[in-house]
Amino acid sequence: MQQKTLVIAFGNPLRRDDGVGYRAAPLLSDALADDAATVIFRQQLTEDLAVAVGEADRVIFIDAEIASPPGAVSIRRLAPADLLSNALLHRMTPADLLAWTKVIRGRVPRSEQVTVAGVDFDFGDTLTPPVEAALPALVEAVKHLCQP
């Protein structure tokens with residue numbers, strides 16, 4: 001039986017490198033077979049995603065991060081946050097969403113976060129050259145994670 005994978009790419013496409021999820025989502029949709037994964041894009045994570053996350057066997061979050069070297073692609077295994085302390089804050093993290101999923105659905109799927117190290121998060125709708133150049137590696141990393 002095929003594992004149900006949900007890929008959630010998120011970030012602000014009007015804040016330069018923070019838009020890597022926005023740029024990656026259509027590339028991932030094209031690269032992954034329909035039965036391999038469902039790809040969605042959101043500007044930010046919200047509690048309503050807990051239902052879809054809870055129905056998946058695996059969830060892969062795509063985002064930018066502030067790290068070195070610029071354009072580096074990282075993969076981390078995720079666990080739910082201990083508390084729902086960020087429930088009323090503007091920015092929900094993947095760990096917060098997993099905590100909501102555990103409360104609402106009673107389970108948490110295997111979860112990873114794939115990030116690209118960004119360097120410019122100012123206003124603008126283009127990625128910096130190192131982040132743009134990292135898009136193929138990001139797609140390959142996610143394709144590898146989606147393999148059975």
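Colleague: Which glutamate meets lysine 143 in a salt bridge?

Modeller: This is a predicted model, in which local features need pLDDT of at least 70 and side-chain atom pairs count only at pLDDT 80 or more, while totals for chains, interfaces and linings use all residues. Residues are numbered from 1 along each chain as its sequence is written, and side-chain values use heavy atoms, leaving out hydrogens and water. A salt bridge is a side-chain nitrogen of Lys or Arg within 4 Å of a carboxyl oxygen of Asp or Glu. At 3.3 Å, N to O, the partner of lysine 143 is glutamate 140.

Colleague: About how many helical turns separate lysine 143 and glutamate 140?

Modeller: Both residues lie in helix α4; helices are DSSP runs (H or I, at least four residues), numbered from the N terminus. They are 3 residues apart, so the separation is about one helical turn.

Colleague: How many residues apart in the chain are arginine 23 and glutamate 132?

Modeller: These two form a salt bridge, with their closest N and O atoms 2.7 Å apart. The pair links distant parts of the chain, helix α1 (residues 20-31) and helix α4 (residues 129-146), at a separation of 109 residues.

Colleague: Is arginine 105 buried, partly exposed or exposed?

Modeller: Its side chain meets that of glutamate 55 in a salt bridge of 3.8 Å, N to O. Buried means under 20% relative accessible area, exposed over 50%, and partly exposed in between (1.4 Å probe, protein chains only). At 38% relative accessibility, arginine 105 is therefore partly exposed.

Colleague: How many salt bridges does a search of the whole structure find?

Modeller: Arginine 105 and glutamate 55 meet in one of them. The whole-structure count is 8.

Notes. Helix = DSSP H or I, 4+ residues; strand = E, 2+ residues; numbered from the N terminus.
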